[in-house]
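Please read it alongside the sequence and the structure shown here.

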Amino acid sequence: MSTGNADGIGNVRKEELYLASIVLKVPQKQVKVLDHPDLQDGFGKSWNSKLLSKIIKEEIVNCAIDLVITFDNYGVSGHCNHQDVHQGVRKLLQDTSHKEVEAWELVSTSILRKYSGPVDIWLSLLSAKFHLSGVAHCFLNEHPRRSLAAMAQHRSQWVWFRKLFVSFSSYTYVNCVRKIN
């Protein structure tokens, strides 16, 4: 939804995303980075859910998208822009007749689970199995080293604490999504 220009290096971060997508074998034509004046990256810069909903709807129509995966209301890291994207998807679902579009949210975990690395695989699977409020699925990452290599393409952000985060983050090994009703 943005170039990530909070520090004035949006063009660098955009190129880093393209490099990461190559490592992950995502075709370049499927990667789109927006640079909307009202969607600038940064803590304290809130994004309008109505605008986000409109942009997401346009992409759904133009690209024949039938499934959207977004952050949950906490946004994994608590980043306000992640939370805003979640609200934009929710707004889209409330305001439109896009019943043919399924929406799923990435489930945020507690800080203890977030940094438990591959140990969290078992907790995530159990959590999804006994999930009482709707449908949940977990995806195991069969190539965690590839994830590390992809993250390393983000050289402007590849500092010591991010290296530790990616190495020990449960999100490197398992991700659970929950259907948004």
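Buried means under 20% relative accessible area, exposed means over 50%, and partly exposed lies in between (1.4 Å probe, protein chains only). Helices (H or I, at least four residues) and strands (E, at least two) are DSSP runs, numbered from the N terminus. This is a predicted model, in which local features need pLDDT of at least 70 and side-chain atom pairs count only at pLDDT 80 or more, whereas totals for chains, interfaces and linings use all residues. Residues are numbered from 1 along each chain as its sequence is written, and side-chain values use heavy atoms, with hydrogens and water left out.

**The sheet**

- Four strands make up an open sheet of mixed pairing, in the order E1-E2-E4-E3, where two strands count as paired if DSSP finds at least two bridges between them.
- Strand E1 (67-71) and strand E3 (136-140) are the edge strands, each with a single partner strand, so one side of each has no neighbour in the sheet.
- From one strand to the next, the twist averages 30°, with axes taken as lines fitted to C-alpha atoms (for helices over the stretch in contact) and angles running from 0 to 180 degrees between N-to-C directions.
- Strand E2 (residues 102-106) is antiparallel to strand E4 (residues 174-179), the two being paired over three bridges; Leu 106 stands opposite Val 177 in E4, and Trp 104 stands opposite Lys 179 in E4.
- E3 and E4 also run antiparallel and are joined by five bridges, with Cys 138 opposite Cys 176 in E4.

**Helix H4**

- Helix H4 (residues 80-95) packs on the sheet, where it touches E1 and E2, and its direction makes about 145° with that of E1; contact here means heavy atoms within 4.5 Å.
- Among the buried residues of H4 are Cys 80, Asn 81, Asp 84, Val 85 and His 86, together with Gly 88, Val 89 and Leu 92.
- The cover over the buried residues of H4 includes helix H2 (49-63), helix H3 (75-78), E1 and E2.

**Gln 153**

- Gln 153 is found in the loop between helix H7 (144-152) and helix H8 (160-168).
- Apart from neighbours within four places in sequence, Gln 153 is in contact with Glu 16, Leu 19, Ala 20 and Val 23.
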